[in-house]
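Open the model in your viewer and keep the selection tool at hand.

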Amino acid sequence: MIVELGHFALVLALAVALVQTVLPIWGAQKGDLRLMAVAGPAAIVQFVLVATAFGALTMAFVTSDFSLRLVVNNSHTLKPLIYKFAGVWGNHEGSLLLWVLDLAAFSAAAVWFGQNLPLRLKARVLAVQGAIGAAFLAFMLFTSNPFLRLASPPMNGGDLNPLLQDPGLAFHPPFLYLGYVGLSMSFSFAVAALLEGRVDAAWGRWVRPWTLAAWIFLTIGISLGSWWAYYELGWGGFWFWDPVENASLMPWLCATALLHSAIVVEKRESLKAWTILLAIMAFGFSLIGTFIVRSGVITSVHAFAEDPSRGVVILFLLVVFVGGALMLFAARAGALEAKGVFQMISRESALVANNLLLSVAAFVVFVGTIWPLVSELAFNRVISVGEPFFNAAFTPFFVALAVILPVGSILAWKRGDLARSVRGLWPVAIVALAFGGLAWSMATNRTLLGPIGAALGAWVIFGALSDLWGRTGKAGASGRLGRLTRLPRADWGRMVAHSGLGAVIFAASAMTAWVTEDILVVKPGESFALGSYEVQLVAVRDVKGPNYTSTMAEMLVSRDGAEVVRLFPEKRFYPVAGMPTTEAAIDYGVWRDLYLVIGDPQDGGGWAVRSYIKPFANWLWGGALLMAFGGLLSLSDRRYRVAAGAARRGAAPVAAE
Amino acid sequence: MKNPVNRRPTLRFLAPLALALTLLAPSLPAVQPDEILADPALEARAREISKGLRCLVCRNENIDDSDAALARDLRILLRDRITAGDTDEAAVAFIVDRYGEYVLLSPQTNGSALVVWLAGPAMLVLGGAIALQMLRRRARAPVPSALSAEEETELANMLRRDP
């Protein structure tokens, strides 16, 4: 019964989404206020309906309703409750429902927070959101319906993929989707602006919070996924340049560029056409990502190949939405007249360079991801494009970005003084070089990667700090400290986010350059040395979990005779899914992670054991979280709240900066 | 992939956009203790080369990280070549000869594969030229009147209304 209610709500949501698309856009064209006013209520009703459907599906998973095909394929009565929830989006149909739910939630949020939007713009934004929603609801109902019943329900289900039964991965998709789908707001604002034929500072200010929110979610989602790969896959890698990862990186790079170019639109009324184009491309890359993951065309050998016919539908939607928006862009971009005048050396130019590097980086990822497919189809030449390629072809652009970041962020708007800015950065450069030198002298292996990463990371972090300090003016130290606390949150957000990037750059190179690794056969009771630690395999036991069996090792790590930590790496086997998983045991630390993995028993007795010391691993996730937190600080800046609050009071005095 | 055969067909699509679902090689990764060469210098070379070779039956893994039986065969083959005195290039060429260029995770720099290598730099040059031209135009552009005539009238009206 509840399932049927959910199913019905979903069908109704499609009807409402169609209304939300057609009436407001018609009204906006004709200037009919009543038709435009339909958009808001329709968006909220659509959200309520999709939420009802999602609730019904969640209910079916939690109560293990095995008359539902989806539940049978992805759940099991013995599965822990949290993974019964996570099972809802651990599959194609359910994750699509979550996607549509997020989309509807963003539209509803636009209604609630967007009360100061001009009526016509708001109607158009919501209409575009409605169109995207209608397309995906129809796609779901006609090709991937999550509410299909089985005539004869089995006694129990097939269980969720064991790799997904993990806290990191359970919450990784929801964040990622909020990010992907959040970019639809930027897209809708861009299309609405093109329909209006007008992009101004106010538009820049309206679109920025949405992009920022999407970017924050995307950042968190990607780092959760990376963290999961780090601890779950068993050798502590954190980024593999796989098509599925690239699918999330491309929108992130575009969204990052968009965040920065929207600032130029907001403050200087320039880069308008480019910003619109970026907003379209960012969502386009989200859709391409959806296509890559769900169609299975890119990596034909992998085990998750989705039905290609569904992929074709997504490709069709991609062409309709992005192609349509680009055609609109081609027709209207000429009308978007730039106003700001600025010199070659200015903050504007620095942001142009930032955008250039970020979009070229996104382009490299894009070409690297799809080229194997193109090469096979067009040239009949099967090639791989993997990690070594991306390390060589992508990294230089990011290094260049990190090098110009501290300089660009202190240049003045309109007309900067490069010599003066660089003078102010000498101390930062010296500190950065000192860190690089320190890393060089302390490292045992003489690769350049570590020292360069340390210098670059320090350059970005201390550059961000010096940027913030420079904002406090020229008064005495105490006056500047006082002013520091009164700086706008956007300034703090920028410092925090940029420092986070510095930490990520440093950690990524440190982890790669200075890892200590050992692969050994160890018998219970034996010890081996790992760096300055001593590791003893105390015992190996068989343990039973709720829906798996486990081979669990007990390992004692000590240093200079004193116990540091006792770790329990496991090898699990999930009988229902018939899959083994590795559960590495990790002792997290500020300076290093100890990372132990137990492998197979060996013929001559003993167990294969892999052990690692991963230096600065937590700085990577910490840095990513800092970036997200910086975004959050920026999002909470008074300017956006003033703009939102003013409308409620009736007046709309948007401060001119 | 550890056990591609074991995986139930109903669990095909478990990649809910999950990052890194690629590597779903869930068991003990890669290099086994019995494969490791006695000479650390040779072993280090083997590890380095392994990182650039694809495990052909896996989704996107190098043979150093993969668990698949084929990856193990390739690792042992590679070590045999190195022990036999092959240079790095010769060992890689030997494997490419037998398994095709698909085995190379970093595409070769010839023919159509050159496109991937040139895409970034070409885009940078192209985008840089466009950006430079735009910046020149902006620097030379006349400072526009802050408001259009229409907006000036509107502003004047508003100011008159305001006490």
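The stops below start with chain A as a whole and end at a pair of hairpins.

This is a predicted model, in which local features need pLDDT of at least 70, side-chain atom pairs count only at pLDDT 80 or more, and totals for chains, interfaces and linings use all residues. Residues are numbered from 1 along each chain as its sequence is written, while chains are lettered from A and ligands numbered from 1 in the order in which they are written.

Select chain A. Its C-alpha trace spans about 80 × 75 × 55 Å along the principal axes. Of its 657 residues, 56% count as buried (20 or more other C-beta atoms, placed from the backbone, within 10 Å of the residue's own). Colour by secondary structure: there are 23 helices and ten strands (DSSP runs, H or I of at least four residues for helices, E of at least two for strands, numbered from the N terminus).

Next, colour by domain, with bounds from an automatic or database domain assignment. Domain 1 covers 1–165, domain 2 168–385, domain 3 393–514 + 619–625, and domain 4 516–617.

Now select strand β9(A), residues 592–601; eight of its ten residues are buried. Strands count as paired if DSSP finds at least two bridges between them. On one side, β8(A) (585–587) pairs antiparallel with β9(A) over three bridges, and A585(A) has L596(A) as its bridge partner. A hairpin of four residues links β8(A) to β9(A).

How values were computed. Buried ≥ 20, exposed ≤ 12 C-beta atoms within 10 Å, placed from the backbone.
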